[in-house]
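The sequence and structure are shown first.

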Amino acid sequence: MRLRIFLEPQQGATYEDQLAVARAAEDLGFDALFRSDHYLRMGDSDGLPGPTDAWITLAGLARETSRIRLGTLMTAATFRYPGPLAISVAQVDRMSGGRVDFGFGAGWYEQEHASYGIPFPATARERFDRYEEQLDIITGLWSTPAGDTFKYEGKHYRLAEGPALPKPQQGPRPPVLIGGTGPKRTPRLAAKFADEYNVPFASLEDTAAAFDRTRAAVSASGRTAPMVYSAAQVLCVGRDEAEITERADRIGRQVPELRENGLAGSPDELVDKIGRFGEAGAERVYLQMLDMSDLDHLELVASRVVPQLD
């Protein structure tokens with residue numbers, strides 16, 4: 001079981017805040033640091049000092065870390081054209097020495113699009129049609145051998161024959177993550193394009209059911225490459241009830257709700273629940289760390305939870 005740290009910087013974080021977490025996570029031996037790709041805060045947070053761009057941030061972290069893997073849960077297909085996005089991710093992969101994982105989703109938060117003048121497809125079907133074409137294009141650009149050209153003719157995107165450069169450092173491409181609990185299209189797209197399938201913020205039962213649907217899609221597709229299965233859960237662990245409550249208060253949540261809907265409680269409680277996700281098939285768990293100033297939170301997980309998972 002690998003534990004990865006997941007940040008939501010749109011809720012209010014500077015680049016320096018994210019760098020501090022990345023360095024701590026690396027020093028403490030965590031497998032990866034991922035961040036969201038959003039331009040607008042959610043809930044009651046004031047979001048100050050404002051959003052940071054996911055791939056600009058990861059480019060900086062790529063040069064200021066040395067071991068930890070870096071990625072997104074999930075880059076929004078609605079934010080960027082597929083060709084320039086393929087260039088950006090390939091460049092960050094090279095800047096990191098081949099440490100990028102590319103989490104990619106269809107996009108969903110309509111208000112952030114309106115706030116920053118980003119077109120938002122009128123229907124979910126169009127969003128997913130565009131998303132599927134982007135997956136075709138981005139993976140096609142990366143996988144085209146150097147010296148060959150790539151051309152694409154789709155309903156929404158058309159690429160004239162071109163050199164399909166630059167290439168990522170990882171060959172033929174960085175690992176691709178697809179996530180969500182959609183019953184049909186998401187499992188099919190994961191089976192076709194993804195190296196990892198992620199279920200975010202779902203119950204153990206719903207996560208297991210989503211894994212089963214994707215396993216069935218993988219089997220039906222005839223795919224032979226292995227699929228990694230993972231889950232994302234909010235983190236709130238403490239040495240005692242007072243510390244758990246204090247951490248819950250700082251992120252505006254209640255302990256009983258967090259225990260039911262996340263990874264909350266004592267280190268032993270976390271080990272037990274992570275183990276149950278492992279029994280359902282998860283090989284990685286992304287720990288959503290909502291209070292980036294609380295680096296002791298990471299140290300507690302590293303010292304009291306991780307050793308029990310080995």
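## Largest pocket

The largest pocket has a volume of about 620 Å³. A pocket is an open set of points on a 1 Å grid over the protein atoms alone, where a 1.4 Å probe fits, with protein on both sides within 12 Å along at least five of seven lines; its lining residues have an atom within 4 Å of a point. Grid points are joined across faces, edges and corners, and the volume is the space filled by probe spheres set on the points. The model is a predicted one, in which local features need pLDDT of at least 70 and side-chain atom pairs count only at pLDDT 80 or more, while totals for chains, interfaces and linings use all residues. Residues are numbered from 1 along each chain as its sequence is written, and side-chain values use heavy atoms, with hydrogens and water left out.

The lining of this largest pocket comprises 26 residues, and those nearest its centre are Met-74, Trp-108, Gly-179, Gly-180 and Pro-200. At least two lining residues come from each of β4 (75–76), α5 (124–143), β8 (176–179) and β9 (196–200); α5 gives the most, with three residues. Helices (H or I, at least four residues) and strands (E, at least two) are DSSP runs numbered from the N terminus. By residue class, the lining holds twelve nonpolar, eleven polar and three charged residues. Here Ala, Val, Leu, Ile, Met, Phe, Trp, Tyr, Cys and Pro count as nonpolar, Asp, Glu, Lys and Arg as charged, and the others, Gly among them, as polar.

## Salt bridges

Side chains of opposite charge can pair when their charged atoms come close. The whole structure contains 28 salt bridges, each defined as a side-chain nitrogen of Lys or Arg within 4 Å of a carboxyl oxygen of Asp or Glu. In the bridge between Arg-284 and Glu-196, the closest N and O atoms are 2.4 Å apart. Arg-284 lies in strand β12 (residues 284–288) and Glu-196 in strand β9, so the pair ties together parts that are 88 residues apart in sequence. Glu-196 is buried, at a relative accessible area of 2%; buried means under 20%, exposed over 50% and partly exposed in between (1.4 Å probe, protein chains only).

Asp-53 pairs with Arg-80, with 3.3 Å between the closest N and O atoms. Asp-53 is in the loop between β2 (32–35) and α2 (54–64), and Arg-80, 27 residues apart from it, is in the loop between β4 and α3 (82–95). Asp-53 is partly exposed at 23% relative accessibility, whereas Arg-80 is buried at 17%. A further salt bridge joins Glu-257 and Arg-253 (2.9 Å, N to O). Shared partners also link Arg-239, Glu-243, Glu-246, Arg-247, Arg-250, Asp-291, Asp-294, Asp-296 and Glu-299 into one network of salt bridges.

## Two individual residues

Gln-233 belongs to strand β10 (residues 228–237) and is buried, with a relative accessible area of 1%. Beyond its neighbours within four places in sequence, Gln-233 has contacts (heavy atoms within 4.5 Å) with residues including Phe-201, Asn-261, Lys-273, Phe-277 and Tyr-286.

Glu-279, in helix α10 (residues 267–280), is exposed, with a relative accessible area of 69%.
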